[in-house]
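I opened this structure to look up two things.

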Amino acid sequence: NSGRHKKLVQTIIIIAYFAVTVLIGVLSGRKNKGSASFVGVQMGIIAIVCASTGEWLGGTATTGVSEYGYNYGISGAWYTIANAIGTMFLGLCFAKLYRSLGSVTVPGIIERFFGKKARPVSSCLLIFVMLAVGLSQMVAAGKLGQNLLGIDFRVTCIVFAIIFIVYTLAGGMKAVASTNTLHLIVMYGGVILGVFMALKAIGGWDKFMDGIHAVEAEAVATGADNTNYFGMFTIGGSKVSSWIIASLFGACTAQAGIQPVLASKDVPTAKKACIITALVVAPFGFFTALLGMASRVMVQNGAILVPEGMSVAKFGKDALYALMMHESMPSWAGGLILASILAAILSTVSPIILSAGTMFTKDLYQGVL
């Protein structure tokens with residue numbers, strides 16, 4: 001009964017958060033005065049930071065990094081650190097160039113260097129990439145709905161996708177900036193609350209460290225590689241370097257991350273916004289990695305039980321949800337933390353949908369059709 005009550009409270013909080021997000025998106029759309037306003041023009045630093053941050057803090061930065069934290073420790077935070085490096089690189093090296101070309105899409109920039117025929121081809125490729133990234137966020141949302149609401153995974157993905165598309169296309173860039181401001185506050189508030197409540201459930205920082213040492217000792221005994229949960233390279237140098245390389249290239253080519261920069265009111269604003277975005281994105285992974293580490297300690301202590309037939313490592317994908325549903329976690333706190341995960345997913349999906357729509361409209365519909 002207590003489990004059903006907790007799930008009901010958390011579900012109500014999630015639905016309420018969804019409703020507020022959609023309302024903000026729709027109301028933002030009323031301020032649009034044409035296509036230029038829809039895709040973003042004359043944006044200030046705060047609006048750019050909030051719109052850009054969503055591109056980098058999504059489902060992977062929450063459930064993904066918590067899984068890395070569960071299996072490898074604090075080094076899972078490299079995912080958001082790498083994203084911050086890419087954003088900083090974009091601001092310092094390319095913001096001025098991109099702004100000087102007078103385009104609101106990456107294919108529009110490509111056209112300036114490689115000719116008119118390159119624009120529709122690159123647009124099709126980049127739209128495909130954006131949709132692939134967006135689908136990965138839909139999967140994360142579907143997992144959340146499946147674990148929390150007990151609804152079929154595919155049905156949850158479809159319902160969430162429809163809601164994502166409706167509220168984003170109702171408001172455009174103004175909706176993305178406005179809703180992502182809310183998402184950013186909820187994301188950081190939720191994960192910080194989650195770390196505090198998890199440490200409280202374990203018995204404090206000293207008990208947490210004792211648990212981590214026990215996990216490390218078990219890894220040494222079994223010959224595993226993850227024997228230092230506070231080592232910054234336990235996850236592996238190849239994983240870290242691949243994240244950094246992907247972020248450097250992605251930050252300079254991804255429409256969702258570049259569009260707010262192209263919509264800035266001037267070059268100094270674009271550069272400052274990129275630097276601030278990097279400083280906001282980088283620390284987030286440390287909190288979600290700590291949540292994963294806390295889940296691992298509670299598994300080690302027997303407070304969270306791994307389902308029969310599942311390995312401890314495989315349980316990392318569900319450990320964060322198990323932590324939220326643990327009897328020591330108050331219903332309201334678990335709901336707010338789950339809302340922060342949803343906020344991260346929403347904050348990434350909306351700029352991706354908008355960027356794909358912008359490229360289709362500007363590069364294919366207006367440019368070719």
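My entries below cover the rings and then the pocket.

**Entry 1: the model.** I am working from a predicted model.

**Entry 2: aromatic pairs.** I looked up the ring pairs and found a count of ten aromatic pairs. I took W205 and F208 as one case. Their ring centres lie 5.1 Å apart. Their planes meet at 40°, which falls between the limits of 30 and 60 degrees, so I noted the pair as tilted.

**Entry 3: where that pair sits.** Both W205 and F208 belong to helix α10, residues 205–222. They are three residues apart, about one turn of the helix.

**Entry 4: buried or exposed?** I checked W205 and F208 in turn. W205 has a relative accessible area of 43%, so I wrote it down as partly exposed. F208 has 1%, so it is buried.

**Entry 5: other rings.** I found Y68, Y79 and W243 in one aromatic cluster. I also looked at Y70. The charged end of R296 sits over the Y70 ring, 5.8 Å from the ring centre.

**Entry 6: the largest pocket.** I read off about 520 Å³ of space in the largest pocket. Its lining has 21 residues. Nearest its centre lie E55, W56, Y79, V133 and G250. Y79 was already in my notes, as part of the aromatic cluster.

**Entry 7: what lines the pocket.** Which elements give two or more residues to the lining? I listed α3 (45–56), α4 (59–72), α5 (78–93), α8 (118–149) and α11 (237–253). The largest share, six residues, comes from α8. By type, the lining divides into ten nonpolar, ten polar and one charged residue.

How values were computed. Residues numbered from 1 in each chain as written. Predicted model: local features only at pLDDT ≥ 70, side-chain atom pairs only at ≥ 80, totals over all residues. Heavy atoms only, no water. Phe/Tyr/Trp six-rings, centres within 6.5 Å; stacked < 30°, edge-to-face > 60°. Helix = DSSP H or I, 4+ residues; strand = E, 2+ residues; numbered from the N terminus. Buried < 20%, exposed > 50% of the residue type's maximum accessible area, 1.4 Å probe, protein only. Lys NZ or Arg CZ within 6 Å of the ring centre and 35° of its normal. 1 Å grid on protein atoms, 1.4 Å probe; cavity = no way out; pocket = protein on both sides within 12 Å on 5 of 7 lines; lining within 4 Å. Points joined across faces, edges and corners; volume = space filled by probe spheres on them. Nonpolar A, V, L, I, M, F, W, Y, C, P; charged D, E, K, R; others polar.
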